[in-house]
Structure formats: C-alpha cells, structure tokens
Amino acid sequence: MVHKVSTIRREAHMNTLDKAIDVYIATKTAEGLSIHYTSWLERRLRDFCKFNQGISPEDESLGRVTVNTARVFISSLLQKKVKYEHHSRRQPQAEGLALNTIHGYARGIRSFGTFLYEEGYTETNIFEDLKPPKVPRKIIQPLAEEEIRRILATFPHDTAEGMRNYAFFLLLLDTGIRLSEMLKLNIEDMNFTEGIFMVMGKGAKEREIPIG
C-alpha cells in the first residue's frame with residue numbers, strides 16, 4: 001500500500017494545476033454536491049489557475065504550486081480596482097471585489113488543497129496555512145412593521161400572480177427559509193392539517209418547517 005501511494009504521488013507531481021482542478025470538480029460533482037456550488041468552486045479555482053499560469057508560464061506543474069502562490073493571488077484580488085472585468089453577462093464596474101467574495105476564493109483554494117493532500121496528490125496540505133481576509137460582521141437590521149406593510153401593499157390581490165407573491169413574501173418573513181428553498185417547494189411538500197412543510201436545504205438535507 002505504501003508503494004502504491006508513493007507512486008501516485010510521483011505521477012501527480014507531473015500533473016498540471018489545471019488537470020488537478022478537473023479531477024477535484026469531477027469528484028465533488030460525483031459526490032452529489034449541487035451544480036450551483038461546484039460551478040462557484042470551479043470559477044474561483046480556474047481564476048487561481050490563470051493567475052498561476054501568468055506568473056509561471058514555463059512550468060505549470062502541480063508540484064510547483066505553494067501556499068505563497070495562493071497568498072500572492074489573494075493579495076492581487078484585494079488590490080483589484082475593477083470587478084466583472086471578464087464577466088460574460090455583466091459590464092465592468094470601477095470598484096474592488098467585496099471582502100466576502102475574496103474570502104470565498106480563499107475558502108475554495110483551502111478546500112482544494114485538503115483534497116489534494118487527502119487523495120495523495122501532494123505530500124503536504126499545501127494551502128493549510130492560507131488565511132482568508134477578515135470580513136467585518138454586520139448586524140442585519142430587521143424590517144420595521146411599517147416597511148412590511150408598505151411591501152405587502154404592493155402586491156395586487158385581484159390577480160393570481162399578485163396573491164402568489166403575497167403568499168411567498170409572508171412565507172419568507174414567517175419562516176426565514178432561503179429563497180432557493182422556497183422556489184423549489186411543491187404542493188405535496190405542504191401539510192396544512194399539521195401546519196408544517198418540508199424543504200430540501202443545503203447539503204441535500206431535508207427539514208421540517210412549521211407554518212402559521
């Protein structure tokens with residue numbers, strides 16, 4: 001078994017970062033993670049790969065990538081002055097990336113590094129010491145009663161669409177479920193007799209929600 005692992009590692013060191021990302025995304029997809037999450041993850045890792053190719057075009061092997069490579073990449077994101085620079089659907093905007101966005105890049109890279117180490121692609125967890133930028137914690141202010149009344153008054157009660165949106169808003173307000181969870185609801189998920197409904201949340205975890 002030791003001989004087998006060491007062989008895998010010697011072969012893996014000849015692979016490129018781009019190929020390692022292919023394997024990682026394929027693995028996460030096969031594990032049943034949502035397409036939204038795997039797409040989010042792949043976009044960030046591909047950006048990291050492009051950055052690495054830019055600073056080391058003569059050698060793209062996985063064995064050359066270090067935590068310092070990732071640190072320089074995160075630092076470059078913090079210094080960006082334009083967002084959506086190469087976005088397919090959005091116009092470039094003259095403002096830096098949000099700290100939450102950059103924090104997501106760092107989390108994605110760290111997760112990727114853990115996968116490489118656990119699967120034997122690297123001798124060490126190369127991104128273990130990568131620290132994401134600190135994100136300020138802000139208290140979310142709840143809607144005031146008058147604000148809720150004004151929002152509810154915008155939904156017409158004489159159309160099916162208006163009543164649907166009225167019910168959707170009250171459901172979000174009363175239960176705190178995610179918008180994506182609400183949009184996936186089917187009538188068979190509702191149990192009006194017992195006053196509950198079922199939602200499929202993050203991580204494919206189903207949970208029971210009480211309703212008024």
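Reply: The side chains of Lys28 and Glu31 form a salt bridge, with an N to O distance of 3.4 Å; the term requires a side-chain nitrogen of Lys or Arg within 4 Å of a carboxyl oxygen of Asp or Glu. The model is predicted, so local features need a pLDDT of at least 70 and side-chain atom pairs a pLDDT of 80 or more, whereas totals for chains, interfaces and linings use all residues. Residues are numbered from 1 along each chain as its sequence is written, and side-chain values use heavy atoms, with hydrogens and water left out.

Lys28 belongs to helix H2, where helices are DSSP runs of H or I with at least four residues, numbered from the N terminus. Its relative accessible area is 17%, which makes Lys28 buried; buried means under 20%, exposed over 50% and partly exposed in between, with a 1.4 Å probe and protein chains only. Leaving out residues up to four places away in sequence, Lys28 touches Leu33, Thr38 and Leu41, contact being heavy atoms within 4.5 Å.

Across the whole structure, ten salt bridges are found. One of them joins Glu42 and Arg46 at 3.1 Å, N to O. These two residues are four apart in helix H3, and therefore about one helical turn separates them. Glu42 has a relative accessible area of 27% and is thus partly exposed. The pair also belongs to a network of salt bridges that links Asp18, Asp22, Glu42 and Arg46. A further bridge connects Arg150 and Glu146 at 3.9 Å, N to O. Here too the spacing is four residues, in helix H6 (residues 145-152), so the two are about one helical turn apart. Glu146 is partly exposed, at 38% relative accessible area.

Arg44, which also lies in helix H3, presents another case. Beyond residues up to four places away in sequence, Arg44 touches Thr101, Gly104 and Tyr105.

The buried residues of H4 are Val67, Thr69, Ala70, Phe73, Ile74 and Leu77. Viewed down the helix axis, they fall within an arc of 155 degrees and so line one face of H4; the arc is taken from the directions from the axis to the C-beta atoms. They pack against helix H3 (35-55) and helix H5 (99-118).

The largest nonpolar core comprises 29 residues, and Ile74, Ile109 and Phe112 have the most contacts inside it. Such a core is a set of buried Ala, Val, Leu, Ile, Met, Phe, Trp, Tyr and Cys residues joined through side-chain atoms within 4.5 Å. Helix H2 (17-30), H3, H4 and H5 each contribute at least two residues to this core, and H5 gives the most, with seven. Phe112, apart from its neighbours within four places in sequence, is in contact with Leu17, Ala20, Ile21, Tyr24, Leu45 and Phe127. A second, separate core has eight residues, among them Ile177, Leu185, Val199 and Ile211.
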